[in-house]
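I opened a new page for this protein. My plan was to look up the overall picture, then a few single residues.

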Amino acid sequence: MLKTFFEDERDCHGAGMDNLPYFEGKKIASCGWEYMEKKRQYPVISLTLKFMHFRSLTGRILPPAA
């Protein structure tokens, strides 16, 4: 939901996609314009550590289990 709020999403033709329907009826939409003007203003970087394998928090990276 944070990604959808902050990211300026574009369709395959480069036109901006309106994501306002996702937020209608939510508290963020009723908090005022000062919050809604932040919508679609920032790039979002998503990172996942799902495929990282550690022996411990300080240990070395292990190869994935077969």
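Before placing anything, I noted what counts as an element: helices are DSSP runs of H or I with at least four residues, strands are E runs of at least two, and both are numbered from the N terminus. I also noted that this is a predicted model.

**Entry: elements.** I counted two helices and zero strands in the protein. Helix 1 covers 2–6, and helix 2 covers 33–36.

**Entry: L20.** I looked up where L20 sits. L20 lies in the loop between helix 1 and helix 2. Next I checked its contacts. Neighbours within four places in sequence aside, L20 touches M36 and K39.

**Entry: cysteines.** I looked up C12 and found it exposed, because its relative accessibility is 74%. C31 is partly exposed, at 41%. How many disulfides are there? I found zero disulfides, where a pair of cysteine sulfur atoms would have to be within 2.5 Å.

**Entry: whole protein.** Of the 66 residues in the protein, 11% are buried. The accessible surface is about 6,000 Å². Carbon and sulfur atoms hold 61% of that surface. Last, I looked at contacts between residues at least 6 apart in sequence: 34% of them join residues at least 24 apart.

Methods:
Residues are numbered from 1 along each chain as its sequence is written. This is a predicted model: local features need pLDDT of at least 70, side-chain atom pairs count only at pLDDT 80 or more; totals for chains, interfaces and linings use all residues. Side-chain values use heavy atoms; hydrogens and water are left out. Buried means under 20% relative accessible area, exposed over 50%, partly exposed in between (1.4 Å probe, protein chains only). Contact means heavy atoms within 4.5 Å. Accessible areas come from the Shrake-Rupley method with a 1.4 Å probe; for residues, only the protein chains shown count as cover.
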